[in-house]
Every structure is written in C-alpha cells, then in structure tokens.
Amino acid sequence: IDIAKSKGARYRLGPELEICGYGCSDHYYESDTLLHSFQVLAKLLESPSTQDIICDVGMPVLHRNVRYNCRVIFLNKKILLIRPKISLANAGNYRELRWFTPWNRARQVEEYFLPEVIQEVTGQETVPFGDAVLATKDTCLGAEICEELWAPNSPHIEMGLDGVEIFTNSSGSHHVLRKAHTRVDLVNSATAKNGGIYILANQKGCDGDRLYYDGCAMISMNGETIAQGSQFSLDDVEVLVATLDLEDVRSYRAEISSRNLAASKVNPYPRVKVNFALSCSDGVAVPTCMPIQWRHHSPEEEISLGPACWLWDYLRRSKQAGFLLPLSGGIDSSATACIVYSMCHQVCLAVKNGNADVLADVHKIVHDETYIPENPREFCKRIFTTCYMASENSSQDTCNRAKLLAEQIGSYHINLNIDAAVKAIVGIFSMVTGRTPCFTVHGGSSRENLALQNVQARVRMVLAYLFAQLTLWTRGMPGGLLVLGSANVDESLRGYLTKYDCSSADINPIGGISKTDLKNFIQYCIENFQFTALRSIMSAPPTAELEPLVDGQVAQTDEADMGMTYAELSIYGKLRKIAKAGPYSMFCKLINMWKEIFTPREVASKVKHFFRMYSINRHKMTTLTPSYHAENYSPDDNRFDLRPFLYNTTWSWQFRCIDKQVSKLEKKEGISVVEDVD
C-alpha cells in the first residue's frame, strides 16, 4: 500500500485471501483464523498508510454463520463493501467448497454486523455485504475473485454492460507449465468485447505446500496489456501501477452497438456511493500508459525459474542450511541439480539488485552475517551437497558424469560405495533364512532380482538422510540439509520407482515435470549455463543401474524395464488425467492417434500393459515426496489426483470391452481373429 501510494495510485488491489494466506486449508475452519484476520484488518484501517487510497484486501468472513471468501474494500477508516466470492474453484488442486460457500444472491446486498474490534476503528455498526459495485465521483468499479474470471458467466460481462468501467480481480492462481498465456488471454478478452480496464493481482511464491503461485499481475485496457508483472522472482512484494484515461474506455464502448443494445436491457447492480475520485483535478497534464507486448517464458525457462523460486521459499522458511541431492549421473537428478544452480543464480541476481530481504535470508541460511553471494557456483558450494552412491552395478561413465557436473555447478560432491551396506543387509537375510537371493543373470528368479534391486535403492535413501544430517557437521558448519528427490512425473505415474528409495525425500522440484520437458530443460542448461557435462548425460540411455553390468557396460535401461517409452507415458498420463480416459476410452483415442504406427491389437496390448502397471503401483503414490506441481496430469495422491490405491489390476470388464473392439476392427479389415488380445 505504501509503494502504491508513493507511485500516485488512488486504488490498491491485493491477491485473494492475502491477509491470512490462500493456503490455510483446514485452518479456515478455526475461529482463530477469522479472529486474526479481523485483527490485521483493524491494523490496516488504523494505519496512516491506508488514508486517501481505496484499499481492496482479501480475507475469510463469517456472515450469519456461513463462511465466505471475501474482498473487504475500505477508504479512510470506513469499510465500503464486503464482496463475497460467487464462483468457487473446486477442481484439480482447489478445494474451496470444502471451506467456503458461494454467494448465490446475484445483485443483492445485506447488512453485515461488524465485530467489535472493527467497530472501534470505523465507528460503523453495519456495512454492505454482497454483490454490489462501487460508484466513485468519476467512475464505477466492480470486483471479481480469481475463478470468476475463468467461469463461463463471468461477472465482468454483466457489470460491464451496467456501466462498470474498472474490473478488479484478486487471484490465487498457481503455476502450471504453459498456463500463463491462458490467464493473459482471459484478461485481455474480458475488455476486448466489452471495453474497460481490468486489473489482476495474484499471489506469488510458495504458500506452504506443493503449489507455486506465479504472480503475473497485470493491467489491461480495451483488450490490450498495459502493464505486466514478473512471473517468477524472489521479491516478496511487487507493485504494478498504471495511469489510464477513462475517456478511452467510454469512446471504445460508444461504437460497439451490440454492447449498447445489451446494456439497455441489463439488470442494474446495487451501487455503493463513494465520495472519492480516482482521477486528479489536473489530470490533463498527466501522461497515460501505453500498451505493451506481453513476454511469455518458454517452458524451459519456466522449469528453470519456477521450481527454483519454490526451492528458495522452502529453504528459507524451513530454516535449513541447504540441500543434499543423490546425483546418479542421469537426466532426472542432473535436472534437479541444475534447478538448484538456477536458484543460486536467482539469489545472486536479487542480492546484486539490492534485495535486502534475500540477503538477510542468505545470512540466516549460511550463518554468516558478513557473507554476500556474488557467484552462483561459490554459493552452491556453501548450500548444495551432491552425492554419488556407487555399487558394483554402477558404471564408471555415470560416476564420471556426476563428478563433472558437480564440478561445473559448484556443489560439494561426495563419492561413496554402498556395497558393504547392501551385502550386510542381504547377509542378515541369508543368516536368518538360510537362502541367498541371486540376480536373474546369475540364475535367480524375477522375485529375487527385484528384491536385490530394491535393497540397493533403499540403502541409498537411508544414507542420503544420514549424510544430510551430518555432512555439515563433518565440515565444521552448523545446520542440516533438506534431501531432494528426483523422480519425474512419468515414472511416478507408471510406478517405476522403489517405494522408500531416493524418490523418498523432503521435497522434489521435478516431480510434476515430464521426461520430455526435462530433456528440453537439460538442453536449455547446456546453452544458457554452459554445463558441457550435460551433453553426455543427454546422449546416454536412462538407466537405474541396479542389475549387474555385462562386460563392464550397463545392460539395464529404463524404457526396456517399463515396457513403454517416456513419450508414450506422457501420452497415457494426459489421456488418463486431463482427458478423463479409462482403459476403453484411451484405447479408442489411441487407435486413431497411432493408426500409422501400431495396429489396434498392438495399441490394445500397450494400453492394457500401462493400466496393469499403473494400478499395481498406485500404492506408491500415497508416500510420494511432496513435489512442485507443474503438470495437469500429475498423479499426486495428496489432493490433485484422488483415486484408489488398491485396484483390481485385471481390469476384467474394461479389457474385455477392448478385446471386443479389437475383434470388430480386425473382422472389418479381414484379419483372422484371436480370442484374447494378450
């Protein structure tokens, strides 16, 4: 509010539920959350900073024993209007209907009895509560809240027809790869058809969970972007200000005859009169802002910046001293390491640009009040530890790749061998049972083979946490490290990971990102960070290196183990989650999508294999490390992808439907029919 006033603003809009924070979740049920929100509101009302500027803040409000997600709009120690949210977000990561009730009385206002803590400041007993707009001395403003912009019957449509010239939107919209342009297009289209000024404020940063709110505050007029806020930055506060001419809105609307005809029939909104003007008396001499071209980040830039900012928020708020990453020399852990480097790069830039808050956080993390981070590699050395955990099944190539990448990034790198621990654990089993399991290449069964792989993987998880707790102690430095996981979204979907292996960590910055996007991000890092070690990592086939080497070379590959390619996995994931396709629907879509490369019988076999593996391994999602949410086909079991974790893995009815369809197609093509596809 102070910054907005210093820049000459007369109206200030903040993000959704900003007083308490959007991510309170079930804390909204607590009366304390409501009480403390009103206490903060009282402080704002009393503050000299809020005088002579209309302030629009977000908080939960209990009206007649019903909890609403509200905007509270006030001016000069008087509340003008409490505007409850009409359309609640309740899909994907959003659960607003769990905590709030939508306001269903369109264009109706009731009296809200203020709590005593507010009455003492404002001298008001009641204020308007409901679906109304503000009529100032020179214009008319109407509020939307986040989801209402995305709704098919957005309030700005009717408000615009009723003469509202400025639309405000307080948002709590999180980052998803390739999503920003949709938000921008919605805002610009809101004023392109109806004219007007649209202001959007959004949360920015990690709000305590898997989501990163990506800012992108913006101001639009008559279908064009006037001002753009940053999507990713380490600044806690960013204020966007624009000066615009209301006459431009009026002249734009004047020639849209279809709009004017519709406006003549619209039901009017209740208007709250405000004895205040947004324009100044000598406004003729004030220059107005001109349209700009919105700059969108590429997906690779989004991966470099979004998870990096999320990691920084998590690190500083958890009060830990850095990160530890098991670095295998493969694409996933290397991409994770690059994101940590990008975080260090962003921190150095922020400090160079004079961000005192970031520098203060750095001092707390490194426990040195004199330290100034100037070089990302040097900062990495202080806060980032990488660890290559070799076994007898590891190749020298991956060891060399991990070491070279660690050198180029600047991490404190550890090489260790886990064979002694693995042999000790298997030895305990052999001593108790009298049996010694063997790998398949040594004559063992598939069950023995898998168990021996899992022991190696789980030993690495235990060692990762041990080294995270004590590595800094051995170096004479205070604090502990957060363990980073590096399982990508496709492997999680397929369940191609060991439960409680190195995929089990404190947080995972790439858990919502596909293998395809990670490969593109690796290429981006080669070009932008000059990490030449990534070239050999890119060209090497992905492998877990858990089975014995053959002539010193890796014989095991991920795609062969999975029975599907990463490209196919991404397609399965999008069809399963985004297209809401079960086995039969997925088969029907893929026989057309893949008709040039696979027969219906081959497609059926692939779909069945995917659903078998997905359902067998779904239980692993219940313990999945909290991951940065970046893809709308994430299998995150926490609240985004709610499904059973104990399935009938035969999918008998669904697979029979697929078999019947395959038979019909083959008869049509004159191919001899086999009773069962598999």
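Accessible areas come from the Shrake-Rupley method with a 1.4 Å probe, and for residues only the protein chains shown count as cover. On that basis the chain exposes about 29,600 Å², and carbon and sulfur atoms supply 53% of this area.

This is a predicted model, in which local features need pLDDT of at least 70, side-chain atom pairs count only at pLDDT 80 or more, and totals for chains, interfaces and linings use all residues. Residues are numbered from 1 along each chain as its sequence is written, and side-chain values use heavy atoms, with hydrogens and water left out.

**The chain as a whole**

The chain contains 24 helices and 19 strands; these are DSSP runs numbered from the N terminus, helices being H or I with at least four residues and strands E with at least two. Its radius of gyration is 29 Å, close to the 26 Å given by the globule rule for 678 residues, so the chain is as compact as a globular protein of that length. Here the radius is taken over C-alpha atoms, and the rule is 2.2 Å times the number of residues to the power 0.38. Along its principal axes, the C-alpha trace spans about 90 × 75 × 45 Å.

Of the 678 residues, 55% count as buried. Buried means under 20% relative accessible area, exposed means over 50%, and partly exposed lies in between (1.4 Å probe, protein chains only). Contact means heavy atoms within 4.5 Å. Among the contacts with a separation of 6 or more, 72% are between residues 24 or more positions apart.

The chain carries 70 positive and 77 negative side chains, and the centres of the two sets lie 4 Å apart. Lys and Arg count as positive and Asp and Glu as negative, while His and the chain ends are not counted. Each charge is placed at NZ of Lys, CZ of Arg, CG of Asp or CD of Glu.

**Helix H14**

Helix H14 covers residues 396-409. At 1.5 Å a residue its 14 residues should span 20 Å, and its end C-alpha atoms are 20 Å apart, which agrees. The expected span is 1.5 Å times one less than the number of residues.

The buried residues of H14 include Thr 398, Cys 399, Arg 401, Ala 402 and Leu 405. An α-helix has 3.6 residues a turn, so residues three or four places apart point the same way. The buried residues of H14 pack against helices H11 (331-352), H13 (376-383) and H19 (533-539), together with strands E17 (384-390) and E18 (412-417). After H14 comes Gly 410, whose phi is positive, near 100°.

His 367 has a phi near 55°, a positive value in a residue other than glycine. This residue lies in the loop between helix H12 (356-366) and H13. Trp 651, also not a glycine, has a positive phi of about 45°. Its loop runs between helix H23 (600-617) and helix H24 (652-669). Trp 651 counts as buried, at 10% relative accessibility.

**Selected residues and distances**

| Pair | Separation in sequence | C-alpha distance |
|---|---|---|
| Lys 606 and Leu 590 | 16 residues | 9.9 Å |
| Met 613 and Met 343 | 270 residues | 35 Å |
| Glu 165 and Cys 140 | 25 residues | 5.6 Å |
| Lys 43 and Val 121 | 78 residues | 9.0 Å |

Lys 606 belongs to helix H23. Apart from neighbours within four places in sequence, Lys 606 is in contact with Glu 568, Tyr 572, Trp 594 and Phe 598. Met 613 is also placed in H23, and its relative accessible area of 18% makes it buried.

Glu 165 sits in the loop between helix H6 (155-161) and strand E9 (166-171). With a relative accessible area of 9%, Glu 165 is buried. Not counting residues up to four places away in sequence, Glu 165 touches several residues, among them Asp 138, Cys 140, Ile 197, Leu 246 and Arg 253.

Lys 43 lies in helix H2 (residues 31-46). This lysine is exposed, with a relative accessible area of 60%.
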